[in-house]
Amino acid sequence: MAQVPSLLDRIPEDMRHRPSLLVYAVGFSFGVSIGMLFLLVPLYVLDVGYDVAAVGIVISAQGILQLGLRFPAGAFSDRFGEHTVLLVTFVTIAAGTLGLIGSTALWSIIVMQMFIGIGQSIYWTPSQSYASRSFESRPGTALGRLLSFESLGQMVGALAAGGATAAFGFGWAFVIAASVSAVGTASTLLMPRLPRKEAPRTILSSFKPIPALLKVRSLHLAGLAAFGSATVIALLGSVYPAYFKEVGYNEATIGVIRAVHPIGTMVVAFAFGAIVGALGQQRLMIVAFILTGVLTVIPTFVEGFPWMVTVVMFLSGLVYANMRTMYPTIAAQQSRPEQRGKAIAVVGLYWGAAHLIVPVTFGYIAKALGTAEALWVAGGLFIVLGLLTPVLYKLLLPAKPPPETALA
């Protein structure tokens, strides 16, 4: 007689694994904080009287840090463990968030955004490194699940930001966003340290492999997906809020629209392994870029129907999840565990470059041409990038890629 699986056996293996489960909790806490700030910061800048170009400058300010701190975050993660870097993440996010309360001068808002940017910049490398190492046999599964929990947090954060601002004002909304960092700190302290076979003995030796990793072409292919997915987030944090305010949506409505994007991301991230296994990495990347371009411009046609814009945002989240999960998965496949943090940092340069370039560039495009027109330009660039993907695959990944089953 066949044994009936217990309820515990039906739970996915990584969800029963303490290290993986704790890093998912860390991801959820980070997602709530960032989900709130993605909405609060641009709306606050507009509320105190600045224009969409100023929003772009503020959002892009932390992009400098995303470029400059990637390698130190990777090196410190590999040398001292991911815990140390994640603790700094939550401390700096809380400090910057609280500092925004009462700040009205543009320079002071930028300084506080830089503090938030420190935490945001150094989070991705240790969290993705730890998640991939916590479930080394199937890193794509763990990374997809981490993204799901981050996305769930962003959904909760966007709803909380919109509701808290409408009910209590920006000050209390910032306090709530900062308080979430305490939960992230507690989860980080509970994470067990994962062993490394060849942990670097000094910071200098931790930096030593970086030049060689910069020459690994497949990591730059992963960077293509990183740049595209970061561009989506950069637009959601700059041009989209300005556009929605321009067409007459209030903070609560914008919060709901923003919240459905991570819902779509959360759904697809859980199934990423199966999707890439069915389509293949190259085909999936092509489809993701082109669909992102189309979905970027659709809201400008249906602005009079907020429910339709909400549906489009949900679909955009579904597509975004594939690009967002693909880049750390490729990085994990193309690196050894003891160099995982630095490999993800190499790919993260593209993520940081997008956050530096996109908000300020499209902020000025929106100021010159209009916010709707800026979204049209962005959509067109996504489509072009999708059409160029086969050529980039041939240039950057000439050898046969790893089996798709490795991601399952």
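Student: What does the secondary structure of the protein chain come to?

Tutor: The protein chain has 19 helices and 0 strands. Bear in mind that this is a predicted model.

Student: And how many of the residues are buried, as a percentage?

Tutor: Of the 408 residues in the protein chain, 58% are buried.

Student: What share of the contacts comes from residues 24 or more positions apart?

Tutor: Among contacts with a separation of 6 or more, such residues account for 87%.

Student: OK, the core. How many residues does the largest nonpolar core have?

Tutor: The largest nonpolar core has 101 residues, and Leu 235, Phe 244 and Trp 351 are those with the most contacts inside it. Helix α2 supplies the largest share of this core, 15 residues.

Student: What is Leu 235 in contact with, leaving aside its neighbours in sequence?

Tutor: Beyond four places in sequence, Leu 235 contacts Tyr 240, Pro 241, Val 358, Phe 362, Ala 378 and Phe 382. Some of those names come back in the largest pocket: Val 358, Phe 362, Ala 378 and Phe 382 are among its lining residues.

Student: Then the pocket. What volume does the largest pocket have?

Tutor: The volume of the largest pocket is about 200 Å³.

Student: Which residues line the largest pocket?

Tutor: The lining is made of Phe 227, Gly 228, Thr 231, Ile 357, Val 358, Thr 361, Phe 362, Ala 378, Leu 381, Phe 382 and Leu 385.

Student: Phe 382 keeps turning up. What about Thr 292, which residues is it in contact with?

Tutor: Phe 382 is one of them, along with Val 232, Val 319 and Met 323, again leaving aside neighbours within four places in sequence. Thr 292 sits in helix α16 (residues 281-297).

Student: Why does Thr 292 count as buried?

Tutor: Thr 292 counts as buried because its relative accessibility is 3%, and the cut-off for buried is under 20%.

Student: Which residues are closest to the centre of the largest cavity?

Tutor: Phe 38, Ile 59, Gln 62, Gln 113 and Gln 120 are the closest, out of 13 residues that line the largest cavity. Helices α2 (18-47), α7 (106-134) and α12 each give two or more residues to this lining, and α2 gives the most, with 4 residues.

Student: How many charged residues are in the lining of the largest cavity?

Tutor: The lining of the largest cavity has no charged residues; the classes are 8 nonpolar and 5 polar.

Student: Switching to rings. How many aromatic pairs are there?

Tutor: The count is 9 aromatic pairs. One of these is Tyr 44 with Phe 174, an edge-to-face pair at 5.5 Å centre to centre with 85 degrees between the planes.

Student: Where in the chain are Tyr 44 and Phe 174?

Tutor: Tyr 44 is in helix α2 and Phe 174 in helix α9 (residues 170-190), 130 residues apart, which makes the pair a link between distant parts of the chain. Tyr 44 and Phe 174 are both buried.

Student: Why is the pair of Tyr 243 and Phe 244 tilted?

Tutor: Their planes are at 55 degrees, so the pair counts as tilted, with ring centres 5.8 Å apart. Both Tyr 243 and Phe 244 are buried. Ring pairs also join Tyr 240, Tyr 243, Phe 244 and Tyr 249 into a cluster.

Student: Last one, His 83. Buried or exposed?

Tutor: His 83 is buried, because its relative accessibility is 7%. The residue is in helix α6 (residues 82-99). Not counting residues up to four places away in sequence, His 83 touches Tyr 130, Thr 188, Met 191, Pro 192 and Arg 193.

How values were computed: Residues are numbered from 1 along each chain as its sequence is written. This is a predicted model: local features need pLDDT of at least 70, side-chain atom pairs count only at pLDDT 80 or more; totals for chains, interfaces and linings use all residues. Side-chain values use heavy atoms; hydrogens and water are left out. On a 1 Å grid over the protein atoms alone, a cavity is a set of points where a 1.4 Å probe fits but cannot get out, and a pocket is an open set with protein on both sides within 12 Å along at least five of seven lines; lining residues have an atom within 4 Å of a point. Grid points are joined across faces, edges and corners, and a volume is the space filled by probe spheres set on the points. Ala, Val, Leu, Ile, Met, Phe, Trp, Tyr, Cys and Pro count as nonpolar, Asp, Glu, Lys and Arg as charged, and the others, Gly among them, as polar. Buried means under 20% relative accessible area, exposed over 50%, partly exposed in between (1.4 Å probe, protein chains only). Contact means heavy atoms within 4.5 Å. A nonpolar core is a set of buried Ala, Val, Leu, Ile, Met, Phe, Trp, Tyr and Cys residues joined through side-chain atoms within 4.5 Å. Rings of Phe, Tyr and Trp (its six-membered ring) pair if their centres lie within 6.5 Å; planes under 30 degrees apart count as stacked, over 60 as edge-to-face and the rest as tilted.
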